[in-house]
Amino acid sequence: IIFDLSGSVTITLCEIVLDLPFEGYKSLLTWISTIYSGDLLVKSLIRPLIGQLERSLASSIDENGVEHIPRSRRAAPLLVAILRWIRTAAERANIAAPEDFYCKAVSNMDPGYLYEDMQRYKAANKVERASQFFFAANPYIIEPKTKRTLLTIESQIEMIHTANQNASFDAVRGQYSVDPFFALEIEREHMLEQTLKKIRKADAVELRKKLRIIFKGEEGLDAGGVTKEFFQLLSEELFNANSSLWSKRYGSDITWFNSDCTWDNEGYELVGVLVGLALYNGVLLDVRFPMAVYRKLLGLQLGLEDLVDEEVKRGLQNLLDYEGDDAEDV
């Protein structure tokens with residue numbers, strides 16, 4: 001495959017695998033999960049395919065500024081489809097890490113091009129998504145730093161769009177004025193209470209503007225550092241394990257919901273709003289939700305591997321592995 005400059009051999013191989021009937025697909029899936037250990041799968045299958053994908057996506061620009069695309073570029077969609085298929089098998093058997101599927105060639109692409117690809121994918125209907133190739137449809141090959149860049153671009157464009165939509169005409173000056181910020185003026189001593197109160201009152205459109213934090217009694221404009229400090233301090237209060245919202249049952253490395261807290265659904269909703277506001281403004285919070293939370297947000301099915309309680313997980317796995325016919329008694 002390394003010397004398959006045109007991509008013909010790769011395309012043929014990928015098409016054979018992708019054209020397998022359902023039973024053949026299941027058998028090959030089982031075979032991969034059984035025969036390959038984690039290291040062997042990554043070394044013998046995933047890395048060579050990622051390498052071929054990177055070669056197919058590579059391009060060069062000559063002295064005249066003309067871009068030259070390799071003939072194997074046409075194999076890229078099929079390679080991505082095969083990698084998606086292998087990732088499914090690896091995820092079920094827990095024999096490969098997410099970073100094993102990252103493709104540096106994608107991360108090195110122009111962020112503007114990847115953003116346009118993401119927007120085209122969002123606007124595409126089911127038929128277009130099935131018949132066309134989109135990098136955004138295959139996020140597992142994209143590194144987290146690239147995803148963060150795309151989210152930042154999307155947020156900044158939305159902020160500008162929102163500010164322009166709310167422009168007002170100044171009759172005295174004879175011009176339009178734009179306020180690009182959602183200003184949040186609060187006191188440090190009552191930061192959480194005042195923030196939640198103002199967020200409740202704020203219009204949804206205002207929240208889509210760029211956030212500017214103003215601490216009462218303190219001079220200086222917020223150039224980004226104050227916003228980061230604000231969210232850091234706020235998250236320490238919001239996700240304090242001693243509050244009624246969170247459970248300490250699974251230790252300090254996992255932020256989990258307190259199942260006994262049935263009186264503060266609004267509190268959880270506001271936590272979600274503030275987490276979203278932080279991400280929208282490009283601030284990462286030190287929140288340690290288990291993978292199950294993110295899978296739920298994405299609408300993915302949850303399985304035994306998503307259980308937070310290790311003791312319950314082991315018990316259920318032992319029950320699944322039990323070969324006797326008296327499972328109900330056990």
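Helices (H or I, at least four residues) and strands (E, at least two) are DSSP runs, numbered from the N terminus. This is a predicted model, in which local features need pLDDT of at least 70 and side-chain atom pairs count only at pLDDT 80 or more, while totals for chains, interfaces and linings use all residues. Residues are numbered from 1 along each chain as its sequence is written, and side-chain values use heavy atoms, with hydrogens and water left out.

**View 1. Asp306 lies in the loop between α13 (291–297) and α14 (310–321).** Asp306 is buried, its relative accessible area being 12%; buried means under 20% relative accessible area, exposed over 50%, and partly exposed in between (1.4 Å probe, protein chains only). The side chains of Asp306 and Arg295 are joined by a polar contact of 3.5 Å. A polar contact is a pair of N or O atoms within 3.5 Å; within protein, one must be able to donate a hydrogen and the other to accept it, and residues adjacent in sequence count only if both atoms are side-chain atoms. A polar atom of the Asp306 side chain also lies 2.8 Å from the backbone nitrogen of Gly303. With neighbours within four places in sequence left aside, Asp306 is in contact (heavy atoms within 4.5 Å) with Ala292, Arg295 and Gln301.

**View 2. Arg295 is placed in helix α13.** This residue counts as buried because its relative accessibility is 16%. Apart from neighbours within four places in sequence, Arg295 is in contact with Glu91, Leu300, Gln301, Leu302 and Asp306.

**View 3. Asp309 caps the N-terminal end of α14.** A side-chain oxygen of Asp309 lies 3.0 Å from the backbone nitrogen of Glu311. The end C-alpha atoms of α14 are 16 Å apart, which agrees with the 16 Å that its 12 residues should span at 1.5 Å a residue; the expected span is 1.5 Å times one less than the number of residues.

**View 4. The largest nonpolar core has 33 residues.** A nonpolar core is a set of buried Ala, Val, Leu, Ile, Met, Phe, Trp, Tyr and Cys residues joined through side-chain atoms within 4.5 Å. Leu53, Leu57, Ile86, Val106 and Ile141 have the most contacts inside this core. At least two of its residues come from each of α2 (22–35), α3 (38–57), α4 (76–93), α5 (104–107) and α6 (111–123), and α4 supplies the largest share, nine residues. Leaving aside neighbours within four places in sequence, Ile86 is in contact with Leu41, Leu45, Ile46, Leu49 and Phe101. Another core, of 30 residues, lies apart from this one and has Ile199, Ile213, Phe231 and Tyr268 among its members.

**View 5. Glu54 has its place in helix α3.** Glu54 counts as partly exposed, at 27% relative accessibility. Its C-alpha atom is separated by 7.2 Å from that of Lys104, 50 residues apart along the chain. Residues up to four places away in sequence not being counted, Glu54 touches Cys103, Lys104 and Ala105.

**View 6. Strands β5 (residues 181–186) and β6 run parallel and are joined by six bridges.** Two strands pair if DSSP finds at least two bridges between them. Glu185 has Ile214 as its bridge partner in β6. Strand β6 (residues 210–215) has a covered face, formed by Leu211, Ile213 and Phe215, and an uncovered face with Lys210, Arg212 and Ile214.
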